Amino acid sequence: MSTSTLFSQLKFIFCAVILCFSTMSVSASEQLKYEQERSRILRLSYYESFEALQNSSIFDSSTPLGRYFINSITTVSHRAEDAVELDETDLISLKSNYPEIELEYRVRQIIYNENTIAEKVRQLEYYARQAESNGWERIYLYAMGIIVDLELGNGFAVSALIRLLEIVDNAPLYEYAEISFDYPLQSVYNDLASAFNQLKQHERSITYCKMYEDSLPKNYHDIHTVAHCMVWPLSALGRYNEALQLLLKSVQLAKQDNDIWGISKSYLYSSEVALEMRQFDLAEEFVREAIKVQQDNHYAGMEGYAYDYLLLARIKIKKNEIAEAKKYLRFSREEQSLGKLSNYLNYDFILSEARIAESEGDHEKSVSLYKKAINLIADTHQSIPWETISDLTSKLSKKRITNQISSSEFLIGESRTTLIAGIILLVTSIIIWLIYLNVYRRNQDTYISQQVDTTTGAYNMLAFYQRAKGVPAMYSNSYVLLIELKLRNDLSLFENLLSSFAKQIRYQLKPTESIGRFSGTVLALILEGDDTDKVHDRITKIQGTLIASDFVFRTSPVQRLNKSKVKRTIDACSDNLKTRLFLGEIKA
């Protein structure tokens, strides 16, 4: 090869490299310019943002990038119905030149697909990890925000709260329409309030509603969202009048801005409060106002009027107008299939059907529906409403009453001699059993004092190591985890609270699992599971128990137990634990 030929080839390669870098630089510069324009527009009000979008000289609607930004901003304006989706050619172009923007679009589309909640969450978690690994913080928070919204809307409050605790310190403050587009600190505060309310910590929920209000821009027009945040914990605390006054004030504010969504939601939530106050006529009046406002303005949310008609059905059941209740329940079903409703609406729907069946004397159908409602709520790992349990118990009792009467009549006819002989035999058996228990307990007390931490009832460190060495030989899928605890307030209460918490954890463990006191403030757990995902589900429940207490805590990563490396595995957990942050120390 001649020198001139070699030089020509090197020159070509050099030019190609320069061209590649210059293209990347242009793409990055173009994206930055669009991002800055997007932020400028989204810091305006909803109505101003659409007008500014129309007048923008930055966005070029003839390019995929320009069409994406125009589409995405339109979706959070008052003209959301005018948004036009991108086609596959646009997506290919975005992925090639602007992968961060293409990922943001993929995240947004998850909201509207037909997958189950679990499938959506898994896909969003994958996108969130992808964004985090590439350093795309805004996209990461956006994906996490949608996950939290899905989980709170379907009753998975513990999982949502743990995610919120992990991101609260990194969420930025935004202004105006940008709040609903991304996932800033204001949205985190609002969701923290919702999560704590679902976990029955209503005072803490109100605190985060106030933090949400304080973090909003001074001239933020969508202020009625604060009332929507406050209404649920206030109602749960029985402060109905206060909740109703806030909502009616928010109706007036929304009317000033002609905010149809704000007006209708405030009316619907007012109806819920009136229903709790047993003012059924007032509750019905609020729902009808909400429907009228939406119909007059040709507006309906993603679920149509499903929630509105369901609320009317619930009111009619309370008023014992069963024919009307069935009619509105049918309207609700026609508006939206049950598969697309949130768990909470689905639960109310099933409960309404059960009460209609009960009023019509069909107790078998009623019991079946109550069981279905319990299973639905149990799937979310939340507490089951007492009303549902008491209703189910009542219906089961009615079905069994005939058998109980028959059984009583049979006992009356039994021989008195047989009864007396049975009593004598029972007393003798009890005496022998008590003697045996006395001897057995003495032996057990000696054993327990050598194996168990007396404060918590957990294995002491030596016994826990022995237990950990034996577990892998018996069960192949066993894992170990360390949890370090500390108190927010009075440290003198630590031992008592630790004892109570350890008892709650023992109730959650399987017979093949163990808890040990690794040190003064550290507990160790051996958990069994087919895979790490199932073990992490168990850990989420345990963390939920901690969140509801006065403890703050940190956990080590879960490690699989190996018979020959037990001490090394537990030591690795201990070393990793020291590098973790405490969850529960939420910063304003």
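Residues are termed buried at under 20% relative accessible area, exposed at over 50% and partly exposed in between (1.4 Å probe, protein chains only). The model is predicted, so local features need pLDDT of at least 70, side-chain atom pairs count only at pLDDT 80 or more, and totals for chains, interfaces and linings use all residues. Residues are numbered from 1 along each chain as its sequence is written, and side-chain values use heavy atoms, with hydrogens and water left out.

The protein chain has 25 helices and five strands. These are DSSP runs numbered from the N terminus (helices: H or I, at least four residues; strands: E, at least two). Of its 588 residues, 46% count as buried.

Strand S4 spans residues 551–555. Five of its five residues are buried, so S4 is largely enclosed by the rest of the structure. Phe551, Phe553 and Thr555 point one way from S4, and Val552 and Arg554 point the other way. S4 pairs with strand S1 (residues 478–487) in the antiparallel sense, over five bridges. Pairing requires at least two DSSP bridges between the strands. Phe553 in S4 is the bridge partner of Leu485.

Helix H8 (residues 157–167) packs against helix H24 (residues 532–547) at an angle of about 75°, with axes 9 Å apart. H8 is therefore roughly perpendicular to H24, a term covering angles of 65 to 115 degrees. Val158, Ser159, Leu161, Ile162 and Leu165 of H8 make the contact with Thr540, Gln543, Gly544 and Ile547 of H24. Contact means heavy atoms within 4.5 Å.

Conventions
Axes are lines fitted to C-alpha atoms, for helices over the stretch in contact, and angles run from 0 to 180 degrees between N-to-C directions. Angles under 35 degrees count as roughly parallel, over 145 as roughly antiparallel, 65 to 115 as roughly perpendicular and the rest as oblique.
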